[in-house]
Amino acid sequence: MSRPPSTARRLTAYAAVLLLAAAAPAAVDPPAAGAAADPVAVTVNARAGLATVPDTALGVNHAIWDQHLGSTETSDLLRAAGVKMLRYPGGSYADIYHWRTHTAPGGYVAPNTDFDTFMAAARRVGAQPMIIANYGTGTPAEAAEWVRYANVTKGYGARWWTVGNENYGNGHYGSAWEADDHPDKSATQYARLVVEYADAMKAVDPSVKVGAVLTMPANWPDGLTAGADPGPWNQTVLSLAGPKIDFVDVHWYPGGSAAESLARTAHLPDAAWLLRQQIARYAGPDSGRIGISLTELNVGAGQNTQPGALFLADAYSGLLEQGVFTVQWWNVHNGIGTVSEVAGQTDYGDFGMLSSGGCTADGSVCEPPFNTPFAPYHGLAMMNLFARAGDQFVRAGTDRPLVTAHAARRPDGSLAVLLLNKDPDTAHEVAIEYAGFTPAAEAPTVHMLANGASGVATGRSGSATARTLPPYSLTALVLRPADAADGRPGAPGRPTAGAATDRTATLSWPPAAPGGAPIAKYEVYRQQGAVSEQLGETAGTSLTVGNLDPGSRYTVNVLARDTAGRVSWSSPPLTFATGSPTASTCAVRFSKDTDWGNGYLATVEVVNTGPSAIDGWTLTWTWPTGWQQVSSGWSANWSQVGTEVRVTSTPDNRRLAAGGGSTSAGYVGAYSGPNVLPGAFRLNGTVCTTR
């Protein structure tokens, strides 16, 4: 989707008509016709803090083929939706665009789209720019001169700069859509030049932040190694350019039907975890400073209708909860595509959130007037009402896959809850429980976007604990607390994990500021879905927690409690993983060999390190997700039930000698989401050392 629309869809044919989204009436609690029988259980846990909403959170792409890029009408619509970051000059066009001449050889550049016009529009919107420096046909010197013009000559203060766009699509892995004039198109060469770009750009303005292009885990070409590169794209780029970059830039198009795209937002926590693991492993010292931007995103089907709005709100929330500092929809305007009907609404197959006002090639179907907001625009406006800069996301969950919940607490003590009904046909009643927050006994403020609505409806109705969600709807509740937070201690700082073993981890955190009374103790909680489990407490600012499971991932928060019993808001989260025992009577060496994007070959070597021979063995592990499986295997008997894998010996390899007897087996693995590898293996019930 980084490519521009075809000539027939270019924005030169836009009608200059502005249709503002009409504010819907305040009827925000429609009848429950067709509602499911049992209420959906929703849990909101205000003690389980996630990331804080940054001031760059809500973004969207602008492109130089859009002659209305700088128009007052477009800018005012984006400002009204809460856009805080704008990306320029537009996906793959960035790798053919030369800013000084405002040309893109081989592509179309619309009038009134030069850099100064874009910056004027960004300022009108109130958004920071995300600028893509030309890697494909440009040079580090050209990028440095752009920084000089932007920040020295013009004083724009443009902070965020990415080197290229989807540069793994330059033919290095077979598929080629991205311009790349370099004779060497390897990941190694891209990484080396990223270092040159970063050095040249920061020599002009040391304050700029420079980003490198990576691929989203479990998205092509993740896991593939080509040519003489030392590893896959992400590993190679991070290993060479990691010390020089400030952030990484990824895209995500989940594909599939509307229902499939909406379900795949469940992949985001694991994808973010894998990406951070790659950064930590390969980017060198102080890799924790490296941020993540997701600068292209769109749904697989229903781009202009309610699936687009639902997907936008769910994906933006899921990514921002994981600490991604900006999420950007593709695109502001894009042009009509394949027309269809989705849940009773006409979908124009347009990846823009505002109408281009164009028609199909045969003129049989035309979009609504230019700049008419599509459903994703209203989804973005809903995000702006739900989660604002400075709010802290907190855990929320449901017991039904078709109803999703997110929540954010505000500095004033209020709480916002976002409820998404992804069921196109059935309304769902929800029953909401709160932990760490008591809502006031009053009707909450309710924002609602129904299927086919021309805007977000706002009013006050119902209660904080029960609601009926219409089919294909987005509902946000804003709740005031029952009690004032006066005197509450401040939140502790972000914890860090010191030495982590298979069973213990030592956690430390910056102290909280006292409120109306001295701080008595700190309490450490583990997030288990939307429920918190207390791991321990201490009067100090560090704690060693025990009884942990080997090879497992933990997300924890710290709360402060004062001598009057008042409890702080939660600290920022810490996610860490335990390892395997350093000493055991068995060891496993797991190696993932060839990977092709949705499957791979792996070898598992089992070693008996104990003092006695083993006559017959069973190796087990549990997949971290539900979308991973063993397709077939050899040199052992392989089976899988649910997420549990069971491997048993054959007559040929059942005996493992004491003190190092070993055998190997292999399998073909498959995955349809982030491939988080198992962290713990058990041989005949004993947890093994993982080598």
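## Salt bridges

Asp399 and Arg400 form a salt bridge, with their closest N and O atoms 3.8 Å apart; the term stands for a side-chain nitrogen of Lys or Arg within 4 Å of a carboxyl oxygen of Asp or Glu. Asp399 is partly exposed at 45% relative accessibility, and so is Arg400 at 26% (buried is under 20% relative accessible area, exposed over 50%, partly exposed in between, with a 1.4 Å probe and protein chains only).

This is a predicted model, where local features need pLDDT of at least 70 and side-chain atom pairs pLDDT 80 or more, while totals for chains, interfaces and linings use all residues. Residues are numbered from 1 along each chain as its sequence is written, and side-chain values use heavy atoms, without hydrogens and water.

Glu537 meets Lys521 in another salt bridge, at 3.2 Å between the closest N and O atoms. Glu537 sits in strand 23 (residues 531–538) and Lys521 in strand 22 (residues 519–528), so the pair ties together parts 16 residues apart in sequence. Strands here are DSSP runs of E, at least two residues, numbered from the N terminus. Both residues also belong to a salt-bridge network with Glu523 and Arg561.

## A pocket

The lining of the second largest pocket has 20 residues, with Gly436, Phe437, Thr438, Arg488 and Val567 nearest its centre. A pocket is an open set of points on a 1 Å grid over the protein atoms alone, where a 1.4 Å probe fits, with protein on both sides within 12 Å along at least five of seven lines; lining residues have an atom within 4 Å of a point. Strand 1 (40–52) and strand 25 (553–562) each give two or more residues to this lining.

Definitions and conventions:
Helix = DSSP H or I, 4+ residues; strand = E, 2+ residues; numbered from the N terminus.
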